[in-house]
Amino acid sequence: MASIQDIFKIASNDKLCPRFYRMQIDAPSIVKKILPGQFIHIRVSQGLEPFFRRPFSVYRAQKYVEIFYEPVGPGTKLMAKMNKGDTIDVLGPLGQPFALPPKGTKQVVMIAGGIGIAPFLILSDCLKKKKYDLILLYGGRTGGHVYPMKEFKDNGVKVLVATDDGSKGTKGRVIQLFSKVKMDPGTTFLYTCGPNPMMAAVQHFAGEHHLRGQAACEEVMACALGACLGCSIKTKSGYKTVCYDGPVFDLQEVIFH
Ligand SMILES: Cc1cc2nc3c(=O)[nH]c(=O)nc-3n(C[C@H](O)[C@H](O)[C@H](O)COP(=O)(O)OP(=O)(O)OC[C@H]3O[C@@H](n4cnc5c(N)ncnc54)[C@H](O)[C@@H]3O)c2cc1C
Ligand code: FES
């Protein structure tokens, strides 16, 4: 599917909790094309720093293209200072979207670590229409990484939270939440996104319990068009680019490092 590259206006840019921001971009041409799991590539500055675009999962695509981000480095820190009415250079949609759950699926479990929650609101927007039981298992480092997740709940998603320090929800890693959900291999499908060690743990659990699923992977990117091979990762069928072959892969296909 052809991508669009253009300059768009920012409709809002709000801090949702101590760690996370949400930006709404007035890009109707991209809204029409985007599918859950795909991403956009943003040129944050007109100057030389940061030189490369930065990739962001699409959080929601209704009136606006929305992204959900954590200021961690120069690009995202610049983004956090942007205001309504400022413009931003966006390339997208890019990458392969999530596949729909296989036939026979009744329950969908989304497992997210930190900013890995980003692709799941748009996914729940899509899946709620298909009447699955939707569950989100979310793990954050601290309470500062937890926000109300109201739109998920409005979509009928049951949300369970864990934090490393126990300041919100269950104390421990997101994996600790697995025991709270009954997952039948014939009727449950998993989607996961987050740090590699977390996704490796999900992959291990899924393998042991014969659960199928998909993983949305992240890697540092330059071109995001499959040309530079800079975002290659190891999979069971050889090296694949996260930007072009992914970011969504079969959960058992990826060799997490
Ligand atoms: C497909 C995809 C979707 C993404 N979606 C989101 C999103 O929705 N919200 C969000 O906040 N971030 C997302 N990211 C990550 C984000 O693009 C990077 O963190 C980005 O580099 C931040 O830019 P920066 O200039 O602020 O920080 P940088 O200076 O680029 O990075 C800060 C630190 O993070 C490390 N880093 C950068 N990118 C990655 C990566 N992909 N994996 C592991 N470490 C990395 C760098 O090495 C550096 O140490 C996504 C990445 C990919 C590949
Ligand atoms: S970033 Fe260039 S191939 Fe993926």
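Analyst: Happy to. Ser12 sits in strand E1 (residues 4-15), where strands (E, at least two residues) and helices (H or I, at least four) are DSSP runs numbered from the N terminus. This is a predicted model, in which local features need pLDDT of at least 70 and side-chain atom pairs count only at pLDDT 80 or more, while totals for chains, interfaces and linings use all residues. Residues are numbered from 1 along each chain as its sequence is written, chains are lettered from A and ligands numbered from 1 in the order in which they are written, and side-chain values use heavy atoms, with hydrogens and water left out.

With a relative accessible area of 13%, Ser12 is buried; that word means under 20%, exposed means over 50%, and partly exposed lies in between (1.4 Å probe, protein chains only). Setting aside neighbours within four places in sequence, Ser12 is in contact with Arg22, Met23 and Gln24, contact being heavy atoms within 4.5 Å. With Gln24, the side chain of Ser12 makes a polar contact of 2.7 Å. That term is a pair of N or O atoms within 3.5 Å; within protein, one must be able to donate a hydrogen and the other to accept it, and residues adjacent in sequence count only if both atoms are side-chain atoms.

The domain assignment, which is automatic or taken from a database, gives domain 1 (4-94) and domain 2 (107-216). Their contact takes 18 residues from domain 1 and 19 residues from domain 2, and their centres, taken over C-alpha atoms, are 24 Å apart. About 1500 Å² is buried between them, 64% of it from carbon and sulfur atoms; this is the accessible area (1.4 Å probe) that two parts lose on being put together, summed over both. On the domain 1 side, Pro36, Tyr59 and Arg60 lose the most area to domain 2, together 37% of what that side buries.

Across this interface there are three salt bridges and six residue pairs in polar contact, both residues at pLDDT 80 or more. Strand E5 (60-61) and strand E6 (65-69) each supply at least two residues of the domain 1 side.

Arg60 forms a salt bridge with Asp125, the closest N and O atoms being 2.8 Å apart. The partners are 65 residues apart, with Arg60 in strand E5 and Asp125 in helix H3 (residues 120-127). Both Arg60 and Asp125 are buried. By contrast, Asp154 and Lys150 are exposed, and their side chains meet in a salt bridge of 2.7 Å, N to O. Four residues apart in helix H4 (residues 150-154), Asp154 and Lys150 are separated by about one helical turn. Finally, Arg19, Glu70 and Arg141 are linked in a network of salt bridges, and the total count of salt bridges by this rule is eight.

How values were computed: Salt bridge = Lys/Arg side-chain N within 4 Å of Asp/Glu carboxyl O.
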